[in-house]
Amino acid sequence: MPAAGSGRRFGASIPKQYARIGGRSVIEWSLAPFLADARCAGVRVAIAPDDAQWAALNLVDPSGRLVAVAGGEDRWQSVQRGIEALPPEALDDAVLVHDAARPCLSRAAIDRLLDALPGSPDGAVLAVPLSDTLKRAADEPSRVEATVDRRGLWRAQTPQAARGAVLAAALARCASAGVAPTDEAQALEHAGLAPRLVEGEATNIKITTAGDLALAAAILAKESGMSMRVGSGYDVHAFGPGDHVMLGGVRIPHDRGVVAHSDGDVLLHALCDALLGAAGKGDIGQWFPDTDPRWRGADSSRFVTHVMEQLAADGWRVANVDLTLLAQAPRVAKHREAIVARVASLLGLPAGAVNLKATTTEGLGAIGRAEGLAAQASVLLHAAG
Ligand code: MG
């Protein structure tokens with residue numbers, strides 16, 4: 001897997017293979033179908049020598065098949081380094097080269113490619129026949145000069161595969177001829193071979209622009225069980241002196257306040273825990289310890305905003321939120337709309353994606369004796385790009 005490119009077209013501050021979708025980097029999604037495949041004997045990922053983000057991923061493959069190697073200047077040189085790092089016996093076996101920025105590869109596509117290989121000594125390439133009408137542009141700003149006959153034209157995808165020794169020889173031939181192939185098939189072609197085109201999938205997209213990331217997220221959301229995550233949260237605070245309580249970021253007049261290091265907003269605290277729980281990021285106490293003076297009297301909406309920033313960076317978006325307040329008092333019925341609106345705006349959601357319920361405990365227990373109040377939250381996250 002060549003992954004030494006900087007992805008200049010992507011336009012973000014990080015290379016596209018490290019953009020995140022649904023809690024995982026693009027390169028992790030791209031590696032996943034191979035690491036999940038018992039037929040895969042080893043994976044070599046070619047990384048730029050100064051790439052700190054690969055190490056930061058801290059990927060652990062319990063099977064020990066995943067090894068990072070130093071990549072080259074160009075894609076084909078990275079592929080060459082990867083092949084050089086394989087054990088000699090692998091050269092007699094199939095070598096598949098897959099883009100680090102193709103996160104939506106299906107098992108079925110891998111199966112078709114592998115099935116084609118024994119009958120394809122020149123190698124095989126996943127590709128899709130062109131379905132759009134092709135236009136050639138005349139000048140800038142672009143005008144149509146001609147319609148190009150698309151018959152026989154395919155878009156090459158990855159993986160591209162050949163017997164290791166065949167691919168290594170083809171790349172060495174390119175190197176000595178000063179040819180820089182843009183994919184492995186071109187290297188094979190340069191060696192006089194005719195790799196087979198194997199039907200790929202339209203969903204096997206390559207992330208090139210930021211817009212592709214949203215498309216990949218939508219594809220993975222549909223195809224992958226990793227695309228949705230549920231979380232729950234619970235919080236309780238005792239009543240103390242005061243004249244109001246904060247609920248969902250809204251100030252509710254009351255004859256008591258709450259005892260808390262922050263503003264003691266049980267709804268937002270339960271919400272933060274549900275969000276962190278769904279994203280697999282611990283709990284509110286780890287992120288905003290009550291021993292930290294920064295959070296003394298803090299407006300809890302800051303906690304929500306900070307948690308949401310973490311989730312967005314990790315490729316998650318909130319689908320919906322369901323909140324339950326457990327309290328004898330105060331009654332929130334007349335504040336419900338304001339609380340829902342405030343929580344929705346903190347999460348960047350329409351009000352319809354936030355629900356607030358309230359219940360007493362029928363006078364039972366500490367909440368029933370109005371010694372304090374509590375809240376529960378459930379959230380659903382979905383992968384976003
Ligand atoms: Mg709390």
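Residues are numbered from 1 along each chain as its sequence is written. In this predicted model, local features need pLDDT of at least 70, side-chain atom pairs count only at pLDDT 80 or more, and totals for chains, interfaces and linings use all residues; side-chain values use heavy atoms, with hydrogens and water left out.

**Exercise 1.** Find which residues coordinate the magnesium ion, and say whether H237 and H269 are buried or exposed.

*Solution.* 
1. List the donors (N, O and S atoms within 2.8 Å of the metal, 3.2 Å for Na, K and Ca; water is not among the atoms, so sites may look incomplete).
2. Read the spacing. Along the chain it is D-x1-H-x31-H.
3. H237 sits in strand 12 (residues 228-240) and H269 in helix 8 (residues 266-279), so the pair ties together parts 32 residues apart in sequence. Helices (H or I, at least four residues) and strands (E, at least two) are DSSP runs, numbered from the N terminus.
4. Check burial (under 20% relative accessible area, 1.4 Å probe, protein chains only). H237 is buried at 13%. H269 is buried at 6%.

**Exercise 2.** Describe how the protein is divided into domains, and how they touch.

*Solution.* 
1. Take the bounds from the automatic or database assignment. Domain 1 covers 2-124 + 161-224; domain 2 covers 228-383.
2. Compare centres over C-alpha atoms. They are 44 Å apart.
3. Count contacts (heavy atoms within 4.5 Å). Six residues of domain 1 meet five of domain 2.

Conventions
Buried < 20%, exposed > 50% of the residue type's maximum accessible area, 1.4 Å probe, protein only.
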